[in-house]
Amino acid sequence: MDLVTALARARTAERPGPDTPAGPAVPDWPGPARAIPPAGPGLLDLDRLLRLSLAAADPRGRLRPAPSAGGLHPVDARLAVGAGCSLPPGTYGYDPLRHRVHRLGPAPQAAPSGVTVELTVTARRTASHYGHRAWPLLLLDTGHTAAALALAARALATAPAVVRLDGAGEHPLAAVHVPPPAPGPHPPDPDAPAPAELLARRSAPPPLPGTPAREDLHAVLTTAREAGAGRLRWCVAVGGPRPELVEAAPDGTLRRLAGGEARPTLAAWAAGQGWIADAGAVLLGYGCPSDAGPPRIRGDHLHAGHAVGCALLTAARRGLAARPVGSWQRADLGAALGGPPARNWIVHGLALGAGRPEKRTT
């Protein structure tokens, strides 16, 4: 698959063809399905880690802690389990619909303690609806899944997860290593998500009215920028009486990139999703020039999905309604801002609404 050609075509105005069969929702892992045993003292609780990050909450498999374009969930997980886990060391395929694992073989040689979750995709699931626009969405979905795993690790108070999103290869596209809990007492992480927060995360249905407060927008921007590891630039298109494009300033304020109303243009660029024109604000990650090679394309999109996945939690904590926007056509934001063409394309977005102020938390 020529990823450069696939991305260039996905960015055009060409419409996908009719839907095709999506195929099985999970891989046909060999061998019997096994329940994940409870964790003993000092062991990484794989049951809770996977329930907080990958497991489906409904029989159809659409409702999961990580969002996915069209609810199609193309990301598959293979577990390399080392010492210190509630499962014996080995390699396992994970079934998120049944919350079961299939033992595939021994653990890799010199496998570190804890678990390494390797993420791949079954492209057919997403291509069944989005056709030629599937590949950017597949990469964004993988980044969202990596974010869900890393956030679940924080909720379980493990040592920090190591997230690999370098885009160097396709098999796997990404990997997340979660170590076992550190021995002895350790100070609580005040910013760690509660398990209930992760299970409650859902993309808000349109409309998303109401312009969020500027301090809330700054918090969401900061989260995306930090989680994105500098791969992209981040800004917000703000509605309200003074519509503008803003970015986060180091002093905790928002600085203007451009004045004027951008949301109708964003709605046209986002596959004609008209509701975006009425959203309170839209977070945008942009970069990935047209001459980028496959590793850059993979890395930029994986990091964008990871960043928006983390920003979703920040938005929820501040009482904002939020919905990821992954499909973008002719969205050359850099050129629209007066820069050279084909250098700074919109890669991912997050539509935001003010939500219900009485639910806002600090």
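This is a predicted model: local features need pLDDT of at least 70, side-chain atom pairs count only at pLDDT 80 or more; totals for chains, interfaces and linings use all residues.
Biologist: What is the peptide bond from Pro206 to Pro207, cis or trans?

Modeller: The bond from Pro206 to Pro207 is cis, with omega near 5 degrees. Look at His171 to Pro172 as well: that peptide bond is cis, with omega near 0 degrees. You'll find Pro172 in the loop between strand 5 (162–164) and strand 6 (174–178).

Biologist: Which residues of helix 4 meet helix 8?

Modeller: Among them are Pro136, Leu139, Leu140 and Leu151 in helix 4, while the helix 8 side includes Ile297, Arg298, Val308 and Leu313. By class, the contact has 13 nonpolar, seven polar and one charged residues.

Biologist: How does helix 8 lie on the strands?

Modeller: Helix 8 lies across strand 7 (233–238), strand 10 (281–287), strand 11 and strand 12, and runs at about 10 degrees to strand 12.

Biologist: Now the sheet. In what order do the six strands come?

Modeller: The order is 9-8-7-10-12-11, in an open sheet with antiparallel pairing. From one strand to the next, the twist averages 25 degrees.

Biologist: What makes strand 9 and strand 11 stand at the edges?

Modeller: Count their partners. Strand 9 (254–259) and strand 11 (321–325) each have a single partner strand, so one side of each has no neighbour in the sheet.

Biologist: How do you know that strand 11 and strand 12 pair?

Modeller: Two strands count as paired if there are at least two bridges between them. Strand 11 and strand 12 (residues 345–353) have five bridges, so they pass that cut-off, and they pair in the antiparallel sense. One example: Val325 has Gly349 in strand 12 as its bridge partner.

Biologist: How many bridges join strand 2 to strand 3?

Modeller: Five bridges join strand 2 (residues 90–95) to strand 3 (residues 100–105), and the two run antiparallel. Tyr94, for instance, has Val101 in strand 3 as its bridge partner. Four residues sit between the strands of this hairpin, where His99 takes a positive phi near 50 degrees.

Biologist: Which phi does Ala229 have, positive or negative?

Modeller: Ala229 has a positive phi of about 55 degrees, although it is not a glycine. Its place is in the loop between helix 6 and strand 7.

Biologist: And why does Ala229 count as exposed?

Modeller: Exposed means over 50% relative accessible area. Ala229 has 54%, so it counts as exposed.

Biologist: What about Cys288: is it buried or exposed?

Modeller: Buried means under 20%. Cys288 has a relative accessible area of 0%, so Cys288 is buried. Phi of Cys288 is near 50 degrees, a positive value in a residue other than glycine. Cys288 lies in the loop between strand 10 and helix 8.

Technical notes. Residues are numbered from 1 along each chain as its sequence is written. Side-chain values use heavy atoms; hydrogens and water are left out. Contact means heavy atoms within 4.5 Å. Ala, Val, Leu, Ile, Met, Phe, Trp, Tyr, Cys and Pro count as nonpolar, Asp, Glu, Lys and Arg as charged, and the others, Gly among them, as polar. Axes are lines fitted to C-alpha atoms, for helices over the stretch in contact, and angles run from 0 to 180 degrees between N-to-C directions. Buried means under 20% relative accessible area, exposed over 50%, partly exposed in between (1.4 Å probe, protein chains only).
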